2 protein chains.
Amino acid sequence: MNDHGPFPENPEDTRTAIMEATFQALCEHGYANLTIQRIGEKFPKSTSLLYHHYEGKDDLLLDFLDHMLERFEERELSTVSQTDPEVRLCSYLNHAVPSDGQPSNADFLKALVELRAQAAHNEAYRQHFTRTQERFHEYLAGVVSDGVADGTFRDVNPKEVASFLVTVASGSMFSWATTNAETAEGARAELDRYIEKLILSDE
Amino acid sequence: MNDHGPFPENPEDTRTAIMEATFQALCEHGYANLTIQRIGEKFPKSTSLLYHHYEGKDDLLLDFLDHMLERFEERELSTVSQTDPEVRLCSYLNHAVPSDGQPSNADFLKALVELRAQAAHNEAYRQHFTRTQERFHEYLAGVVSDGVADGTFRDVNPKEVASFLVTVASGSMFSWATTNAETAEGARAELDRYIEKLILSDE
């Protein structure tokens, strides 16, 4: 790095191009078979630029994960005050716990599960995924809290409900990415029963 | 292998010793840093025996995972008809979704999450974890079905409840093994509310 930050020429454009190349290479090769060289094959500029900016594959991937979390936060902030709590909750669950077990971004989610598994023994990955889980938890607790306040939801404990739902979402992604077990549809049906009977208000 | 199967001398003793060595090495080194050599360091006999029986680390680990599943099935069969459904359900949940987020076999579970993440791109691991998830699902559906039959539980759909609970269990393990987020206690409290309000009978 120098005084101009990591990307001196058109810094945002270059970083965005690196992030896009990383996304494509991750979807195609997964984590274990990913190399800087393979990311370079998706990158319109010289691969040497990647070696210049990053110490290695994990350094680049951790920056990529931060970039993805920033994008989630930008999207969230742009919609958070516009939509009612039930719509926001359903939208989250439809993404995180798809009933057909066929998420639209399947290749990416498989790679994400591999990256998250690195956190079992790698402290930098662990710090990232702790922060991600805490952000999703905070987002959901806010949605539930808003729903309790406006009477859409029952008088539940927002933090406990949010903790439960991030756990269900993690389990859905992990199950889907690592098994062919046909549990997605049943899990979603029972999740919907839980939401209807214990979260949504009677009225 | 030869006509005497994989372990010609004291076949069960040798396999058990290999499985114990694998367990210890996995707990100590995790998946990424595991080698046959490191398993050999925990094995009382010659490491060359490991190379003789297995094509490589993943071949040995897949046999180890089958061995763990067999042990679960033996334990389950020995208790399945002796205990009432509520005790069996609570026992499963106390193991799978510990409220303090501190499972007793933490090092092993971290390694298990790494192994399961291999299933995102490795078909042999995927087949194993599909079988494991199906066995846990079948076990839980049986517990719930028994509880509905004897009136301990409400008239719920055993397969849907089982699908939901294996998803929660997967999510708990994945969250615990890969983050320091303090969601375990809240998730368990809300799971207990779900069990009390939607699964256990009123009576």
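User: Why is D146(B) called partly exposed?

Analyst: In this predicted model, D146(B) has a relative accessibility of 36%. Buried means under 20% relative accessible area, exposed over 50%, and partly exposed in between (1.4 Å probe, protein chains only). The value for D146(B) therefore counts as partly exposed. Local features need pLDDT of at least 70 and side-chain atom pairs count only at pLDDT 80 or more, while totals for chains, interfaces and linings use all residues. Side-chain values use heavy atoms, with hydrogens and water left out.

User: What makes D146(B) and R88(B) a salt bridge?

Analyst: A salt bridge is a side-chain nitrogen of Lys or Arg within 4 Å of a carboxyl oxygen of Asp or Glu. The N to O value for D146(B) and R88(B) is 3.3 Å, so the pair meets the criterion. D146(B) lies in helix α7 (residues 123-149) of chain B and R88(B) in helix α5 (residues 85-96) of chain B, so the pair ties together parts 58 residues apart in sequence. Helices are DSSP runs (H or I, at least four residues), numbered from the N terminus.

User: How do you know whether R88(B) is buried or exposed?

Analyst: R88(B) has 7% relative accessibility and therefore counts as buried.

User: Why are R188(A) and D192(A) described as separated by about one helical turn?

Analyst: Because they are four residues apart in helix α9 (residues 184-199) of chain A. R188(A), at 9% relative accessibility, counts as buried, whereas D192(A), at 34%, is partly exposed.

Terms used
Residues numbered from 1 in each chain as written. Chains lettered and ligands numbered in written order. Helix = DSSP H or I, 4+ residues; strand = E, 2+ residues; numbered from the N terminus.
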